[in-house]
Amino acid sequence: MSTKYRVIAGISAACGLLLAASGAAHAEVEPGGWSSESPGFKVQERGCGQVDNLTFTLTCSTASGDQRAERRYDTYTGGTHQFEGYFRVTSMGGTRISLKQTFNDTDGDAGPYFMLAVERGGRLYAVHGGDTLSNAGTVGATVRVNTVHEVGEEHRTYINGSLKHTVDSPGGSFYDKFGAYRTSSGNGPATVVWSNVKFWRK
């Protein structure tokens, strides 16, 4: 390679790194004032659920009981919290598998508050109410998910950067969960691989 082309290649590589760094720093889907945070988490495996780092698998087709593989993050109270992650369904022998939850951890009201799930064929939907958010969840496709939760105001869900769902939010305490787990009308087997998971707050 000539000196001229080595210089051009070097400049191109440097520009690529700068663009990648810029993208990483501005990944939030809503503007202004976010601070990155790193909440702690616990791995939860129940029934036939198995977790290997960010790969979450339901190995059985059992249509009852607690079948789940997930990360459960620390509880937050108040403020605005954003979750971002990319998932890829790598196999889907079953159907109606929940992928991400915003869970109400408030005494007296504890339970799933928002649940994003996927049906066989790729339909992404909100479990409560059944609204279709996208058909992007086909096997092998990588999908970006952002949830923005203003505690006491509103919870918004973005798929691949586009706002797809809003729901009013009560006050109280909440936490994020993601992975692969059987909904009340679903079953495995299924494998979901998550990546590039980030959190912000303001």
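Predicted model: local features only at pLDDT ≥ 70, side-chain atom pairs only at ≥ 80, totals over all residues.

Trainee: Why is E70 called buried?

Mentor: The relative accessible area of E70 is 0%, and buried means under 20%, so E70 is called buried.

Trainee: What makes the pairing of E70 and Q44 a polar contact?

Mentor: The side chains of E70 and Q44 are joined at 2.3 Å, and a pair of N or O atoms has to be within 3.5 Å, with one able to donate a hydrogen and the other to accept it; the pair is therefore counted as a polar contact. The side chains of E70 and K177 are also joined by a polar contact, in this case of 3.5 Å.

Trainee: Which residues are linked with E70 in a network of salt bridges?

Mentor: The network of salt bridges links E70 with R46, D66, R68 and K177. Within it, the side chains of R68 and D66 meet in a salt bridge with an N to O distance of 2.8 Å.

Trainee: Why is the pair R72 and D105 called a salt bridge?

Mentor: The side chains of R72 and D105 meet at 3.8 Å, N to O, and the definition asks for a nitrogen of Lys or Arg within 4 Å of a carboxyl oxygen of Asp or Glu, so the pair is called a salt bridge. R72 lies in strand 5 and D105 in the loop between strand 8 (95–104) and strand 9 (111–118), so the pair ties together parts that are 33 residues apart in sequence. D105 is partly exposed, because its relative accessible area is 28%.

Trainee: How many salt bridges does a search of the whole structure find?

Mentor: The search finds eleven salt bridges. One of them joins E30 and R156, whose closest N and O atoms are 2.7 Å apart. This pair links distant parts of the chain, 126 residues apart, with E30 in the loop between helix 1 (3–25) and strand 1 (35–37) and R156 in strand 13 (residues 154–159). Both E30 and R156 are buried.

Note on methods. Residues numbered from 1 in each chain as written. Heavy atoms only, no water. Buried < 20%, exposed > 50% of the residue type's maximum accessible area, 1.4 Å probe, protein only. Helix = DSSP H or I, 4+ residues; strand = E, 2+ residues; numbered from the N terminus.
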